[in-house]
There are 2 protein chains.
Amino acid sequence: MPKQTVELTEAEWTIIKAVWQHEPCAAPTIQEKLHRRTEWTYSTVRTIMDRMVAKGLLTAEKIRNLTLYRSAVTRQQAQRGELLYALKNAFNGALTPMVQSLLETGDLSAEELTELESLIKQKKKKTGKK
Amino acid sequence: MPKQTVELTEAEWTIIKAVWQHEPCAAPTIQEKLHRRTEWTYSTVRTIMDRMVAKGLLTAEKIRNLTLYRSAVTRQQAQRGELLYALKNAFNGALTPMVQSLLETGDLSAEELTELESLIKQKKKKTGKK
DNA sequence: AAGATTTCTCTACAAATGTAGAGATTGCAA
DNA sequence: TTGCAATCTCTACATTTGTAGAGAAATCTT
């Protein structure tokens, strides 16, 4: 089975988000896309990407002189990993307090709150049915 | 002003949770408390704790031959830091999808869902009023 | 006071992470 | 075919994190 929970460092998050947007893509592309924000050189980007391949976060395919990268984990998987990390460590696995804390943390508009309510309603229905 | 967002490593989470439970406390105490779970030696625990002092996560007070540690950040602060990290990196700052993902992730009972609903209601009221 | 016990200090080392330069290759353009 | 441009490979180094041993210092016990 594939690795259950992925955890990304901040640099890796930056890279993989760019990859999701542009894949399949080469390292120079990613470097350019990120350069404005990060100031990273080609070498830096390349090193991180190759390490991510080693970890199974990306795949690399060599075509002539070009290495094409693709994501090996979905955004959902990665998000889930991040969530689980926080859940386990910061909240001892307790979801409700985590959601609660999230609600307190942010400036949610009334609309967003309403949206969340309907999400919960849906969820309730599903839970009941299944 | 105090450092705005704290981020803890997994080992640091383990330590600080024990500190919150026992503070003020000495390193040997923490080591004992955690030993069953972590197998860490005194040296390991001590090193982590001292590094945490250097980072401002704990404080240390020396009393004769004893070093007493206390947390320098609250559970809320630490949780918030973890949340913000996930929010920023995994969810590009968008709260709603994060809550959504959280709802999908876990097995929330009907009761918990109801609890969340009332939390949202409260929040709505407050937002409106202020 | 001497031995046993507790706690501390200092040092070390491997792995992971962030960051990047130098020089080799490959491919395209004149 | 020669040279410029794009891309790659390899190596390197500082910092952070995880982990811990060895021996010094303080304290307690008899």
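In chain A, A:Ala60 has A:Tyr69 of strand 3 as its bridge partner. Strands here are DSSP runs of E with at least two residues, helices are runs of H or I with at least four, and both are numbered from the N terminus. This is a predicted model, with local features needing pLDDT of at least 70 and side-chain atom pairs counting only at pLDDT 80 or more, while totals for chains, interfaces and linings use all residues. Residues are numbered from 1 along each chain as its sequence is written, chains are lettered from A and ligands numbered from 1 in the order in which they are written, and side-chain values use heavy atoms, leaving out hydrogens and water.

Strand 2 (residues 58–63) and strand 3 (residues 66–71) of chain A run antiparallel, joined by six bridges; pairing takes at least two bridges found by DSSP. The two strands make a hairpin with two residues between them, and A:Arg64 in the turn has a positive phi of about 50 degrees.

Over in helix 1 (residues 10–22) of chain A sits A:Glu12. A:Glu12 counts as buried because its relative accessibility is 5% (buried is under 20% relative accessible area, exposed over 50%, partly exposed in between, with a 1.4 Å probe and protein chains only). Leaving aside residues up to four places away in sequence, A:Glu12 touches A:Glu7, A:Ile48, A:Met52, A:Lys55 and A:Leu57, where contact means heavy atoms within 4.5 Å.

In chain B, eight of the 11 residues of helix 5 (residues 95–105) are buried, so the helix is largely enclosed by the rest of the structure. Among them are B:Leu95, B:Met98, B:Val99 and B:Leu102.

As for the two chains together, 100% of the interface residues of chain A are also interface residues in chain B, so the copies meet through the same surface.
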